[in-house]
Amino acid sequence: MALSMDIQATYQQGFELRCDGRYAEAKVELTKVLQADPTHADARWQMGLIQGFEGDFDGSMSTLAEVVAANPHHLSARYDLAMTQMMLGMTDEAVSNFREILRQNPEHEKALQQIAYFQ
């Protein structure tokens, strides 16, 4: 089996575990992905989400910001960063990220819903 297929399968397992709220198990799988491919943006994004779900909001924001800085077109990570910023009262930064999402994808439904609060 090709390594990339293994990485994708491991990522998918970590993603599903994260969605099920099984964060410790998800981190194990996502860490395997990041060890094999430190630039795997989706695995890093999922790790950032887990940090937030576990209450490490500053760590989550930092991880999500790193993902966005390295992958400016990763709109899911940018959206989750903006939502974290909103939750932490960083309204200007959140609005800036929502606007960037909409610049890249004017049809982004969730960003349209959020930006409506700041029009």
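This is a predicted model: local features need pLDDT of at least 70, side-chain atom pairs count only at pLDDT 80 or more; totals for chains, interfaces and linings use all residues.
View 1. Glu 29 itself lies in helix α2. With a relative accessible area of 15%, Glu 29 counts as buried, because buried means a relative accessible area under 20%.

View 2. Leu 30 is found in helix α2, which covers residues 23-36, and Leu 30 is buried, with a relative accessible area of 0%. When residues up to four places away in sequence are not counted, Leu 30 touches Tyr 11, Gly 14, Phe 15, Ala 43, Gln 46, Met 47 and Ile 50. Leu 30 and Arg 44 are 14 residues apart in sequence, while the distance between them in space is 7.7 Å, taken from C-alpha to C-alpha.

**View 3. The largest nonpolar core and a second one.** The largest nonpolar core has 19 residues, and those with the most contacts inside it are Tyr 11, Leu 30, Ala 43 and Trp 45. At least two residues of this core are supplied by each of the helices α1 (3-19), α2, α3 (41-53), α4 (57-70) and α5, and the largest share, six residues, comes from α3. A second, separate core has ten residues, including Leu 75, Ala 82, Val 95 and Ala 111. In soluble globular proteins, nonpolar side chains tend to be buried together.

**View 4. Helix α5 and what packs against it.** Helix α5 has 13 residues and reaches 18 Å from its first C-alpha to its last, which is close to the 18 Å expected at 1.5 Å a residue. Its buried residues are Leu 75, Ala 77, Arg 78, Tyr 79, Asp 80, Leu 81, Ala 82, Thr 84 and Gln 85, and the buried residues of α5 pack against α3, α4, α6 (91-104) and α7 (109-115). Just after α5, Gly 89 takes a positive phi of about 80°.

**View 5. A nonpolar patch on the surface that includes Met 87.** Phe 57, Met 87 and Leu 88 form a nonpolar patch on the surface, and together they have about 260 Å² of accessible area. Met 87 counts as exposed because its relative accessibility is 51%, and the cut-off for exposed is over 50%.

Notes
Residues are numbered from 1 along each chain as its sequence is written. Side-chain values use heavy atoms; hydrogens and water are left out. Patches are made of residues with over 30% relative accessible area and no salt bridge: like charges are joined within 9 Å, nonpolar side chains (Val, Leu, Ile, Met, Phe, Trp, Tyr) within 5 Å. Accessible areas come from the Shrake-Rupley method with a 1.4 Å probe; for residues, only the protein chains shown count as cover. A salt bridge is a side-chain nitrogen of Lys or Arg within 4 Å of a carboxyl oxygen of Asp or Glu. Buried means under 20% relative accessible area, exposed over 50%, partly exposed in between (1.4 Å probe, protein chains only). Helices (H or I, at least four residues) and strands (E, at least two) are DSSP runs, numbered from the N terminus. Contact means heavy atoms within 4.5 Å. A nonpolar core is a set of buried Ala, Val, Leu, Ile, Met, Phe, Trp, Tyr and Cys residues joined through side-chain atoms within 4.5 Å. The expected span of a helix is 1.5 Å times one less than its number of residues.
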